[in-house]
Amino acid sequence: ARTVTATTTTDHTVRVLVNNLSPGTPYFYRFTAGQDTLGGQTMTAPAAQTDVQVNLAWVSCQDYAAGNYGAYRQMLIDDAARDARDQIFAVIHLGDTIYETRASNFQTAIDDGFNPISLKNADGSTRQVAAFPSGGGTRASVNFANSVDDYRSLYKTFLADPDFQAARARWPFISIWDDHEFTDDCWQSQANYTSTMGLDEPDQVRRVAASQAWFEYVPVHLTGIGGVDGVAPQAHDFAAPTTPVTDAAFTAPNTDNFVDEPNNKAAVGAITIYRSLRFGKHVELVLTDERSYRSDHAIPEEFAQPPTFFAPRNALPKDIVNVLDLGMFSGVADFPGTTLPNPRAGSPIGTMLGATQKQWWKDTMQKSDATWKLWGNEVTLMRMRLTALGAGTLVPIDLVVSGDAWDGYSAERTELMSFLRANSIQNVVVLSGDIHAAFAGVVMDTFDPGFAGAPATPTPVAVEFVGPGIASNSLLSFFRDATKNIPVPPGSPPGTPALVQLVATETAPGSGMFLDTLNLLLRQGTAAAGAFAATGSLAAAQSQAVDANPHLSYIDTNAQGYGYVQVFPTRVVASIVTIQRPIQMPTTDGPGIKRTATFTVNAGDPTLISKITGTKPFPLT
């Protein structure tokens with residue numbers, strides 16, 4: 001037993017690091033405070049050279065007011081039914097544990113018919129995020145957490161969910177953050193709520209507050225964590241800057257793409273979370289931070305505005321993103337296709353990881369002697385391409401789904417994947433979240449062959465499994481909402497479907513029931529999706545099909561759930577478990593499984609063997 005003191009300094013949270021435990025061993029623990037007792041179960045990692053099967057789950061994206069956390073209840077039910085050798089060791093949380101805003105989740109969520117509904121907790125109370133203690137901040141009509149007490153309030157609200165509590169009591173969580181633990185689509189200590197020309201949003205004070213609350217409420221071992229032999233660990237616990245930071249204007253990034261402004265350096269430097277963990281002989285778990293050191297988006301928000309673009313960071317022209325990502329090395333003085341000056345003409349090549357973390361990642365991948373390298377990666381690594389609608393139409397060029405994911409930083413992606421190929425680093429499995437959808441596919445050393453020195457012939461170097469969110473509204477619902485009011489271009493042929501019909505096609509007029517046409521669009525291209533929307537015929541769609549994203553083996557853009565991965569010496573078996581939409585009153589029976597997609601990867605061969613049980617996502621039959 002050990003006595004610890006909870007104080008107001010850490011919002012009455014405590015951190016206890018227990019040493020001298022046996023490897024690969026389950027342990028039970030409890031905290032007592034007066035008459036109150038709280039306990040749970042955990043498990044230590046197997047020793048580094050133990051030849052043992054490793055089972056992990058991965059999760060992300062749990063918008064509290066968009067759905068209940070039934071995915072955790074389903075995970076508990078599923079795991080209890082497994083043989084002991086197949087039960088989960090630990091849960092990897094890839095971020096968006098909280099959402100920092102209230103503007104998009106005032107007491108309502110979106111159901112499968114995309115209508116506002118009111119959610120209830122298990123006790124019958126309305127599921128909503130309470131007002132922030134400070135009142136929060138507001139920009140562009142978005143109300144966001146603005147102080148350490150605001151962020152603490154969010155953690156206490158999200159952690160009140162009984163299914164989340166039960167999961168945290170059952171398994172150790174291995175956590176990193178994405179954007180919403182601080183601010184949506186952030187980079188370094190910069191926010192992106194507004195898109196006004198020339199208006200930066202430096203939020204160094206908020207960045208420190210967010211990091212402090214995360215460290216208080218998320219169990220995580222940073223200082224002294226260790227790592228791969230010969231690679232210096234970088235992770236360290238939160239420590240408030242010795243001189244309090246202020247919100248100061250951002251300056252130009254240095255040659256490593258980091259903003260050297262002192263307040264930014266202090267805010268970002270208050271904590272470092274990227275690290276690697278070893279599970280026996282076969283698993284090196286590599287965890288990265290893809291927010292703290294990344295550069296601004298390739299197309300800055302003030303340029304990516306309607307009507308030229310659909311949205312500042314989504315559905316962006318692929319070739320323009322690729323060129324601007326190169327910055328000064330693109331050789332382009334003007335913004336492609338306009339007379340505007342190139343906003344990144346003086347900038348280095350874009351980065352997701354930053355120079356120091358990138359070198360650490362390379363060293364860790366190269367020097368680890370584990371059979372498999374599992375990369376806990378926040379945002380989608382694979383290319384997600386939307387094919388052009390055709391000349392003279394609304395979208396005459398190919399788009400990328402998100403410029404906030406690795407598609408917005410394709411030069412560094414090519415650099416990292418080419419590093420794997422050049423150094424014969426095999427058996428890399430990428431576990432991702434963020435996008436509120438499920439994907440599985442092969443990662444190539446480049447998705448832009450021949451561009452800017454990239455290999456002329458793409459080579460597969462890894463596989464990626466993208467798990468759906470725990471509760472957040474799906475990618476499909478986002479795109480349907482974004483396109484629902486965009487009219488058919490003037491002069492289009494009769495019967496031309498509206499853009500929204502390429503995303504979600506109503507099964508019958510006025511039915512309120514939709515097919516997930518976005519899956520078809522990503523799999524077989526815009527023309528195929530349009531043909532189906534116009535005719536309701538899959539045969540008509542097939543006649544127009546192209547291989548829009550040939551590296552993708554599985555697409556489900558309307559999903560919530562979790563991922564489960566088993567690692568064996570000679571293979572990895574990964575499952576994406578999709579639950580029924582978690583909008584009903586939660587029960588101990590869980591939401592139920594809609595489908596399970598299972599993929600096998602054999603050592604030395606980055607291809608996927610797939611199997612789907614349950615209701616298959618459209619257009620699969």
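Is F599 buried or exposed, and what is its relative accessible area?

Modeller: F599 is buried, with a relative accessible area of 0%, where buried means under 20%, exposed over 50% and partly exposed in between, for a 1.4 Å probe and protein chains only. The model is predicted, and local features need pLDDT of at least 70, side-chain atom pairs count only at pLDDT 80 or more, and totals for chains, interfaces and linings use all residues. Residues are numbered from 1 along each chain as its sequence is written, and side-chain values use heavy atoms, without hydrogens or water.

The structure holds 21 aromatic pairs (Phe, Tyr or six-membered Trp rings with centres within 6.5 Å; planes under 30 degrees apart are stacked, over 60 edge-to-face, the rest tilted).

F599 itself pairs edge-to-face with Y554, at 5.6 Å centre to centre and 65° between the planes. This pair links distant parts of the chain, since Y554 belongs to strand 21 (residues 552–556) and F599 to strand 24 (residues 593–602), 45 residues apart; strands here are DSSP runs of E, at least two residues, numbered from the N terminus.

Elsewhere, ring pairs link Y64, Y69, Y72, F158, F164 and F173 into a cluster.

Terms used:
Helices (H or I, at least four residues) and strands (E, at least two) are DSSP runs, numbered from the N terminus.
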